Structure formats: C-alpha cells, structure tokens
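Work through the following exercises with the sequence and the structure side by side. Each one sets a task and is followed by a solution in steps.

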Amino acid sequence: MATEELLAEVPLQDLTVAQIIARAELSRASFYHYFASKFDVVAALIAGLADDAKQVTEPGRALRASMHRIVESWSDHRAVTCAAVEHLYTEPQISSAWFAVRDKFVAALAAQIERERAGRAAHAGAPAETVAAMLVCGLERTFYMSSRGLDPRIPSPADVAAAIDQLAVAAVRGTVAHPPGGSPTAAPNLPDAPNLPDTPELTPESAAPDTAGTIHAAIGELLRTTTLEELSVAQIAAAANCSRATFYFYFAGKQDAFAALFTKIAEPIVAAFTGAVLAGPDASAGLHEVLPRWLALDGVPVAVVRNAVHEWPRRPELRRVYLEAAARIVGALESAIAQGHGTGPVGPAELAASLWWTVENTFAGSLAAERHLADAEAVARLLGDLLVATVFGT
C-alpha cells in the first residue's frame with residue numbers, strides 16, 4: 001500500500017495526505033471518502049496485523065515460537081509498527097488499533113503461560129496476563145530500538161526475539177527468593193548502593209533563582225494538568241511571567257526546554273537504579289526498592305517522567321537526552337550481567353539492552369494505566385523479580 005511504502009521513507013509526523021494520494025494515484029475526494037486523516041490510514045494498516053495475531057493463538061504453539069512469530073509479523077510491516085510506537089500516546093486512532101492487536105498477542109501468550117504453569121513447567125507468580133503484557137512490551141520496544149537503529153546492542157530483530165526469549169525464561173520459569181511476608185529485605189547501605197535520593201519537586205517557589213529555572217518550574221506545573229503535545233510556548237511564558245522573547249533567549253523551543261527539565265528530574269532516578277544494579281547480588285533487594293519508588297512518583301516529577309517516557313520516540317531533542325540516560329542504565333546492567341551468573345545464548349550487551357527496554361516500556365504502560373498493567377504495585381514486583389532473576393540469577 002502507498003502509505004506503508006511512504007512510511008519507510010518519511011516519518012508519520014512529516015507525511016502528508018498529498019503525498020499519499022500522489023503515490024496511490026487517487027483523487028483527494030477518493031481518499032477522504034474512505035479516511036478522515038493519515039492517522040486513520042495507519043490505524044487500518046495496524047488492524048491488518050490482527051490476522052497475524054491469530055497464528056500466535058494456534059493450539060500447541062510454544063511460548064518461544066509465539067514470540068518469534070510476533071517479531072516476524074512486525075518485521076513484515078516494520079514501518080507501520082514503528083509509526084504506531086511513535087504515536088501510540090498522542091493519536092487516539094492509532095492507540096485504539098494498536099492496543100486491539102496487542103491484546104490479542106497478550107491473550108495468546110497468557111494462555112501459553114497458564115499451560116506451562118498447569119504442567120508445572122513454570123512457577124506460579126504474577127497474573128499470566130501481566131507477565132504476557134510485560135513480554136509483549138519488551139518485544140515492542142526492543143523491536144523498535146533495533147528497527148530505528150537507536151541501540152547498537154540490538155542490531156537486528158533476530159536478536160530481539162532471542163533476548164526476549166531469555167527474559168521469558170526468567171519471568172516464567174525463574175524464581176526469586178523473598179523473605180516471609182512477601183517483601184524483600186532492605187538493601188544494605190553499601191558505598192556502591194546509596195540510599196535512594198528523593199526526586200526533586202520543582203515549583204516556582206523552589207526553583208533556582210534564575211529565569212531558566214523559573215521556566216522549568218512553570219513547565220513542570222503546567223504538565224500536571226496538560227500534556228507536552230498540548231503545551232505551547234505562550235502558555236509557558238505566561239506561567240513563568242516572562243515574554244516569549246525571554247523564553248527563546250534561553251531555549252530553542254518547548255522541546256529543548258522540556259529535554260533540559262527531564263535531565264534534571266531523571267538524574268537521581270538514574271543514579272538510584274545504577275547504584276542498585278552495581279551493588280551486587282547481596283544487595284539485590286535494592287532493585288525491588290527502586291521500581292516502586294518510580295511508580296509512586298507524584299506531582300511534577302511523575303508528570304515530567306510520564307510525558308518523557310511516552311513522547312521520546314518522536315521528539316529528537318528529548319530522544320537524545322533520554323537515550324543518554326538509558327545508556328547509563330544499560331551499561332550498569334551489562335556490567336553486572338557480565339560479572340554475574342552468565343547469560344546463556346545471549347551476550348551481556350544484548351541481554352542488558354533488552355532487559356532495560358522491557359522494563360522501560362512496561363513502566364510506560366503502567367503509567368498510562370494500560371490494560372493488565374494498571375496495578376502499579378504488581379507491575380513493580382514483577383519487574384523487580386525480572387531484574388533480579390536476569391541480572392543475578394536468583
């Protein structure tokens with residue numbers, strides 16, 4: 001189809017209806033007879049992936065085979081898949097279509113997990129639908145990273161399937177020791193595992209006494225009730241009590257300003273995570289402590305993090321700083337995996353990257369209260385178990 005061909009050449013945000021009708025050799029009237037916008041066309045293309053979802057549900061299909069089939073399906077429609085990921089949280093038509101297909105994949109994997117549990121090949125744990133949703137989130141994000149060439153540790157979709165398969169083994173068959181009562185013990189206060197710092201709460205009153213700090217505080221407060229997509233420079237300038245000229249003296253635009261604000265908010269979060277990873281298996285409870293803290297963020301920090309995790313794929317300025325922060329986390333995971341229990345068929349770099357992007361995209365889904373991921377406490381426990389089982393083998 002013309003639109004799918006064009007998406008391999010042009011990002012969806014830059015694609016125009018004029019380009020679509022020219023490539024398809026249609027009149028504008030014919031286009032609008034069937035579709036209201038370019039996003040409706042992409043939603044229809046996504047809906048077509050439902051046929052591939054049916055193959056995943058074939059009786060007797062193994063979990064690994066199903067995950068490989070999902071990757072094959074997305075590989076056949078790589079441009080559409082990447083466009084869906086980039087606009088998942090901003091375009092309702094795409095969200096509706098993508099989640100409808102994703103739910104089919106989740107249901108199929110959940111049924112296979114339940115079969116393994118019934119056959120005692122897997123341990124009982126989080127609801128099968130939650131585990132399956134986490135695995136699909138992992139496949140989705142790692143596939144996207146590989147397809148867009150954004151993470152050199154995941155060079156191809158084949159690497160995606162192999163790495164997520166190993167994570168599935170850890171999630172479905174691995175066991176993580178907990179003390180009586182189900183709560184992990186507190187991490188010891190080791191030099192390499194500092195106590196988790198509090199994430200700063202930015203307000204106009206607490207901001208640094210400079211104009212840039214005041215602008216950041218204004219953005220943070222505005223994002224509590226609106227989204228980055230909806231936010232305008234005029235709103236920011238008014239909230240910061242400065243002129244548009246003053247705003248543009250400090251920042252190239254709202255994306256530039258938000259990227260700098262995200263870096264400020266993310267720093268203690270990244271430091272806490274890398275510290276917990278590098279503390280070693282004796283302090284593995286620290287990994288269980290980090291994720292609940294992330295999911296329990298409120299006020300300005302959660303508003304900033306939510307917008308960042310949902311919007312970074314399609315915003316160049318934000319993507320740069322976001323990937324820089326992610327690289328620090330993946331580096332720590334890779335180091336811990338390489339020094340730990342071994343990785344099996346997947347190398348430390350690929351496994352670390354796939355692990356992080358699984359955690360990151362599942363976290364994004366939980367922040368959006370997506371189906372099967374709305375229970376933040378259950379999601380935090382599941383991700384903590386996955387991290388500890390994968391990194392430390394326990």
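**Exercise 1.** At what angle do α9 and helix α18 pack, and how far apart are their axes? Describe also the handedness of the crossing and the classes of the residues in the contact.

*Solution.* The model is a predicted one, and the values that follow are computed from it. Begin with the geometry, since two packed helices are described by the angle between their axes and the distance between the axes. For α9 and α18 (residues 348–367), the angle is about 115° and the axes lie 8 Å apart. Next, consider the sense of the crossing, which is right-handed where α9 passes α18. Then list the residues that meet: α9 contributes Met-134, Cys-137, Gly-138, Glu-140, Arg-141, Thr-142 and Met-145, while α18 contributes Ser-354, Trp-357, Thr-358, Glu-360, Asn-361 and Thr-362. Sorted by class, the contact between α9 and α18 has four nonpolar, six polar and three charged residues.

**Exercise 2.** Decide whether Thr-130 counts as buried or exposed, and name its contacts beyond the neighbours within four places in sequence.

*Solution.* First place the residue: Thr-130 belongs to helix α9, which spans residues 128–147. The relative accessibility of Thr-130 is 8%, and because buried means under 20%, Thr-130 counts as buried. With the neighbours within four places in sequence left aside, Thr-130 is in contact with His-372, Leu-373, Val-379 and Leu-382.

**Exercise 3.** Identify the residues that touch the most other members of the largest nonpolar core, and follow the contacts of Trp-356.

*Solution.* The largest nonpolar core holds 135 residues, of which Phe-273, Leu-333, Trp-356 and Trp-357 touch the most other members.

**Exercise 4.** How many of the residues of helix α15 are buried, and what covers them?

*Solution.* Helix α15 (residues 285–295) is mostly covered, with eight of its 11 residues buried. These are Ala-285, Gly-286, Leu-287, His-288, Val-290, Leu-291, Trp-294 and Leu-295. Their cover includes α14 (254–278), α18 and α19 (376–392).

How values were computed:
Residues numbered from 1 in each chain as written. Predicted model: local features only at pLDDT ≥ 70, side-chain atom pairs only at ≥ 80, totals over all residues. Heavy atoms only, no water. Helix = DSSP H or I, 4+ residues; strand = E, 2+ residues; numbered from the N terminus. Buried < 20%, exposed > 50% of the residue type's maximum accessible area, 1.4 Å probe, protein only. Contact = heavy atoms within 4.5 Å. Axes fitted to C-alpha atoms, helices over the stretch in contact; angles between N-to-C directions. Left-handed = near helix turned anticlockwise from the far one by under 90°. Nonpolar A, V, L, I, M, F, W, Y, C, P; charged D, E, K, R; others polar. Core = buried A, V, L, I, M, F, W, Y, C linked by side-chain atoms within 4.5 Å.
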